[in-house]
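Hi,

Here is the structure I promised to pass on. Have a look at it first, and my notes follow below.

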Amino acid sequence: MRADKFPIGIIGGTGGMGKWFASFFRQEGYSVQISGRNTGLAPRQMAEVCPVVIVSVPIAATDAVIREVGPCMPHDSLLMDLTSLKEAPVRAMLEVSVSEVIGLHPLFGPRVASLDGQNIAVCPGRGERWLPWLKDIMEKNGAHLVEATPEGHDKMMALVQGLNHFNTVVLGLTMAESGVSPEELRRFSTPALRERLDHLGRIFAHPDLYAHLIADNPHTDKFLSLYGKNLDELRGLLHSGDMAAVTKMIKSMNIL
Ligand SMILES: NC(=O)c1ccc[n+]([C@@H]2O[C@H](COP(=O)([O-])OP(=O)(O)OC[C@H]3O[C@@H](n4cnc5c(N)ncnc54)[C@H](OP(=O)(O)O)[C@@H]3O)[C@@H](O)[C@H]2O)c1
């Protein structure tokens, strides 16, 4: 099959990640069909025309879209999603389709210039024909693929996204309630704080996405309990004035 004759369909191809991957696959010589709610082919037509269909819609809409397109995918085709959580979408894709299934989670956002050096989580669902094609095209562009079960992936994302973004949101809320204006904060900011504010800005720009990343992952809650325990413990030590114990606690972070 010639690459330039091989159409790839991206449902949600008018949005951030969908547009990014449409451009990526076009640069690789594939023809790409994109759709949004009011543009492009309907899911059924997408399945008829494209041997590879990628679902890249908001988390809350993913299940319904998979249930619409999945039953229309032929046996030898590939149904894949880009959702940031993997257990529910991969389960749904396997349930409603007979096609090959891969859950993909690009561990980056649409602001990156290329795949070079980026991590991508892959959750193989069903079939063996399409996985080598996918790995090859991603790896030859410099991506690092990390394979996981959907459950293993979501457990990792409870830390990488759930806890991480929760922490940033709490920081943002606290700064917003501090009584210090954003302008004043910027005037006194260090490079480290400016990095944090940039992260806050990205979350603030996509509240719906980040709300789902935190709330829809059932594995996040146990890390939030651990977070609360560490917060209380560190605060207790600060109040006690035991600086040696505070230093010891900071030194016990052995993740670096
Ligand atoms: N953004 C990130 O940093 C990032 C990173 C990794 C993975 N992801 C994942 O990528 C997926 C897409 O995220 P995104 O940030 O690209 O979202 P986005 O920019 O909001 O784009 C969403 C796309 O889905 C379409 N859409 C919205 N509601 C729909 C519905 N009910 N039915 C069908 N299509 C619908 C939109 O089309 P119209 O607006 O044209 O109707 C648009 O093309 C999500 O699953 C997310 O978890 C995102």
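Which element supplies the largest share of the shell around the ligand? That turns out to be α3, with four residues. Before you read on, keep in mind that this is a predicted model.

Now for the rest of the ligand's surroundings. In total, 25 residues surround the ligand, and the closest are Gly12, Gly15, Gly36, Arg37 and Gly109. Besides α3, which spans 59-69, α1 (16-27) also gives at least two residues to the shell. Sorted by class, the shell holds 14 polar residues, ten nonpolar ones and one charged residue.

Next, the domains. Where they meet, eleven residues of domain 1 are in contact with ten residues of domain 2. On the domain 1 side, α3 turns up again: α3 and β6 (119-126) each contribute at least two of the residues that touch domain 2. That side of domain 1 is made up of seven nonpolar, two polar and two charged residues.

One more helix to look at is α4, residues 87-96. Its buried residues are Glu87, Pro89, Val90, Ala92 and Met93. Among the elements covering them are α3 and α6 (150-176), along with the strands β4 (78-81), β5 (100-106) and β6.

Cheers

Definitions and conventions:
Residues numbered from 1 in each chain as written. Predicted model: local features only at pLDDT ≥ 70, side-chain atom pairs only at ≥ 80, totals over all residues. Near = placed C-beta within 6 Å. Nonpolar A, V, L, I, M, F, W, Y, C, P; charged D, E, K, R; others polar. Contact = placed C-beta atoms within 7 Å. Buried ≥ 20, exposed ≤ 12 C-beta atoms within 10 Å, placed from the backbone.
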